[in-house]
Amino acid sequence: MLPATTATPTPATTATHCPYCALQCGMNLQPAKDGRGGVEVAERPDFPVNKGALCGKGRTAPDVLSSRVRLTEPLMRDPGTGELAPATWEEALGAIAGALRGTRREHGPDAVGVFGGGGLTNEKAYTLGKFARVALGTSQIDYNGRFCMSSAAAAHQRAFGLDRGLPFPLEDIERSGCVILVGSNPAETMPPALRYFTRLKENGGKLIVVDPRRTRTAEQADLHLAPRPGTDLAFALGLLHLIIAEGRTDEEFIAARTSGWEGARAAAMAHWPELVERITGVPVPQLREAARLFSDAESGMVLTARGPEQQSKGTDTVGAWINLCLATGHAGRPNSGYGCLTGQGNGQGGREHGQKADQLPGYRKLDDPAARTHVAEVWGVDPDSLPGPGRSAYELLDALGSDIKTLLLMGSNPVVSAPRASHIEERLRSLDFLAVADVVLSETAALADVVLPVTQWAEETGTTTNLEGRVLLRKQALTAPEGVRSDLEVLHELAGALGHEKGFPTEPAVVFEELGRASAGGPADYSGITYDRIEAEDGVFWPCPAPGHPGTPRLFLERFATPDGRARFVPVSHRPSAEEPDAEYPLYLTTGRVASQYQSGAQTRRVPDLNAAAPGPFVELHPRLAERLGVAENDPLTVTSRRGEATAPARITASIRPDTLFMPFHWPGAGRANTLTNPALDPTSKMPEFKVCAVRVEREEREKRGAGPAEL
């Protein structure tokens with residue numbers, strides 16, 4: 001572990017949480033034993049989510065606290081050399097405030113954009129949304145969580161009237177009769193969660209994994225089904241068709257607790273098994289077995305992740321899986337239901353409190369007059385002064401340099417993480433002014449006019465909300481290096497420079513108290529949650545509308561959050577992906593994560609142990625395709641889509657479909673997977689289609705060797 005040489009640890013052990021994924025695993029931080037300062041991780045076995053278990057990312061998280069890794073002083077672009085150079089905080093904040101004022105004056109408030117991140121604490125996300133709408137008066141704010149759970153969130157809202165990633169605690173998974181895991185690989189993306197699926201099987205439950213790759217998670221399944229990328233919607237409809245045709249529906253539950261069944265039933269019956277086999281490539285006998293296992297189980301769950309969600313039809317795809325749960329009575333009952341395995345550390349809380357383009361705190365809608373009135377009263381402003389909904393994340397990034405002239409970006413790295421990344425990089429370069437607040441000099445920060453070094457997880461206190469809807473408290477364990485400030489301090493100073501000296505406190509506890517008042521009465525009501533309660537109760541599940549309320553670990557057991565209390569079936573039908581393989585681009589590309597890196601890799605690529613385990617990008621392909629290309633393991637391959645090309649070593653494995661390539665998306669440069677991905681948007685969630693596009697693959701030295709593009 002690299003010591004945080006310029007930071008000062010507290011003398012005692014601090015109970016806190018991992019900075020990475022949405023499990024928000026409990027951990028203890030204690031002064032490092034090497035005597036060089038800094039902190040090290042120790043297990044926290046009493047925390048219920050992970051019971052002490054940690055993955056490699058969690059165990060090495062303190063490495064990013066090192067002053068040799070993280071930013072410790074502001075940087076400004078020197079107009080003479082064009083390079084970033086050290087600056088004072090006064091200079092840096094003055095330059096940002098001047099750019100914000102100038103852009104608003106010359107082009108109007110909507111020419112200023114704000115882009116947040118799913119790793120920001122609830123306090124930061126709340127304050128960022130307030131800053132955009134009150135101090136800047138702009139509607140142009142969204143965050144990178146749009147790229148993560150937005151399709152599942154939209155489907156949740158449409159069917160249940162409320163979006164919380166999991167409507168039950170993780171512990172319920174191991175007590176379910178059958179779990180269908182769709183497009184998720186927790187063995188690599190959240191390893192401590194795998195124990196729940198192991199216990200599920202030990203308890204006699206069945207695990208079905210739907211994934212075009214035979215992942216480490218799929219290897220543990222009772223049944224692994226490998227549909228073509230982009231066909232999950234047809235797959236779910238085919239299962240529902242079989243359940244209807246074989247008389248396996250729960251008619252009593254449908255009549256008592258749902259609405260809209262006839263329309264959804266008719267839509268499913270148009271997807272007969274043989275048609276679904278042609279679309280998905282999954283044989284009919286496997287479809288029948290999956291339908292039997294799920295419908296015969298006394299209780300059942302469907303859990304989705306980015307696989308089915310990051311599609312241009314992601315909302316309808318998740319909706320089809322929800323319809324399956326409703327038709328079998330596997331919803332609103334113990335150990336049953338649909339859930340989304342949220343990805344980012346505060347992906348859940350980040351979408352609840354105002355940094356999304358269309359939302360106000362408490363998961364209120366920005367275009368709801370009553371919501372505007374309530375929040376405006378808390379903020380002490382006129383409701384009419386609040387701007388309306390703005391662009392979604394990709395639309396906002398696509399408008400940089402044209403409609404949006406100045407951008408304030410916090411905790412995100414779209415140069416690596418956005419679809420059609422080369423284009424987004426060009427848009428970022430075209431801005432009049434870019435300001436980035438981050439922990440490290442990410443690829444996006446390297447393009448900025450001003451970079452602000454801000455505190456990170458162990459250097460600050462704040463709350464996050466994990467994938468269960470459990471509100472957690474990360475506690476400060478050490479003092480940040482001199483020259484580093486918190487995001488709350490940054491927003492306070494900028495708001496003051498824009499004429500809002502009050503209303504932007506810097507103390508997280510004060511912000512959280514205000515967040516509670518702003519969320520009161522909303523769908524995500526935090527008004528009964530306090531720091532003391534979180535610490536005493538190992539987290540509090542929202543909604544929690546009063547201090548004496550116990551919180552809500554399990555939603556929907558008595559009624560759904562719709563006006564009539566019934567879950568809503570939504571009729572959906574299969575449609576092709578926005579881009580299907582053809583003669584020029586004959587293969588599917590899908591993307592994802594590996595165990596030792598995280599998201600854009602801005603932090604994990606700076607940790608030696610993690611880099612040793614996952615040193616760079618690769619192209620995963622089937623042996624049959626490799627043989628056709630004449631490719632051996634580690635040969636350089638160039639993958640080309642309609643948006644660009646990426647080059648990385650070959651990794652040959654029979655665990656992937658012969659018509660599909662896989663690339664992890666953690667790296668910039670020549671191997672950047674998101675250079676290839678398609679920004680086609682889901683019409684409801686505005687989720688880009690990361691998970692499927694058409695590509696061709698060639699050996700890098702194809703001209704010398706005479707090898708042409710691979711064909712099926």
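The chain of the predicted model holds 24 helices and 32 strands. Its radius of gyration is 25 Å, close to the 27 Å that the globule rule gives for 712 residues, so the chain is as compact as a globular protein of that length. Along the principal axes, the C-alpha atoms fill a box of roughly 70 × 70 × 55 Å. Buried residues account for 65% of the 712 residues. Contacts between residues at least 6 apart in sequence were also examined; 74% of them join residues at least 24 apart.

Strand β13 (residues 300-304) runs parallel to β14 and is joined to it by four bridges. Within this pair, threonine 304 has cysteine 340 of β14 as its bridge partner.

A further open sheet has three strands, ordered β20-β21-β23, and its pairing is antiparallel. Here β20 (462-465) and β23 (540-541) stand at the edges. Each has a single partner strand, so one side of each is left without a neighbour in the sheet. Four bridges link β20 to strand β21 (residues 470-474) in the antiparallel sense. Glycine 462 stands opposite arginine 474 in β21. Helix α3 (residues 122-136) packs on this sheet and touches β20 and β21. The direction of α3 makes about 95° with that of β20.

Strand β25 (587-592) pairs in both senses. With strand β32 (residues 693-699), β25 runs antiparallel, and three bridges join the two. Tyrosine 588 stands opposite alanine 694 in β32. With strand β29 (residues 660-664), β25 pairs in the parallel sense over five bridges. In that pairing, threonine 591 faces methionine 663 of β29. Strand β25 is mostly covered, with six of its six residues buried. In a regular strand, side chains alternate between the two faces of the sheet. Both faces of β25 are covered. Leu587, Leu589 and Thr591 are buried on one side, and Tyr588, Thr590 and Gly592 are buried on the other.

The loop between β25 (587-592) and α22 (608-613) contains threonine 604. At 1% relative accessibility, under the 20% limit, threonine 604 counts as buried. Its side chain makes a polar contact with the side chain of glutamine 597, at 2.6 Å. The side chain of threonine 604 also reaches the backbone nitrogen of tyrosine 598, at 3.2 Å. Residues up to four places away in sequence set aside, threonine 604 touches Tyr20, Lys57, Ser596, Gln597, Tyr598, Leu610 and Asn611.

Phenylalanine 235 lies in helix α7 (residues 232-245). With a relative accessibility of 0%, phenylalanine 235 counts as buried. Leaving aside neighbours within four places in sequence, its contacts are Val210, Leu225, Pro227, Val276, Thr280, Val282, Leu287 and Trp321. Phenylalanine 235 and arginine 642 are 407 residues apart in sequence. Their C-alpha atoms are 27 Å apart in space.

The cysteines were then considered. A disulfide is a covalent bond between the sulfur atoms of two cysteines. The structure holds zero disulfides. For cysteine 148, the closest cysteine sulfur belongs to cysteine 340 and is 7.0 Å away. That distance is too far for a bond, given a cut-off of 2.5 Å. Cysteine 340 is the residue of β14 that is the bridge partner of threonine 304. Cysteine 148 is buried, with a relative accessible area of 5%. Cysteine 544 also counts as buried, at 0% relative accessibility.

Methods. Residues numbered from 1 in each chain as written. Predicted model: local features only at pLDDT ≥ 70, side-chain atom pairs only at ≥ 80, totals over all residues. Heavy atoms only, no water. Buried < 20%, exposed > 50% of the residue type's maximum accessible area, 1.4 Å probe, protein only. Polar contact = N/O pair within 3.5 Å; in protein donor to acceptor, adjacent residues only side chain to side chain. Contact = heavy atoms within 4.5 Å. Pairing = 2+ DSSP bridges. Rg over C-alpha atoms; globule rule 2.2 N^0.38 Å. Axes fitted to C-alpha atoms, helices over the stretch in contact; angles between N-to-C directions.
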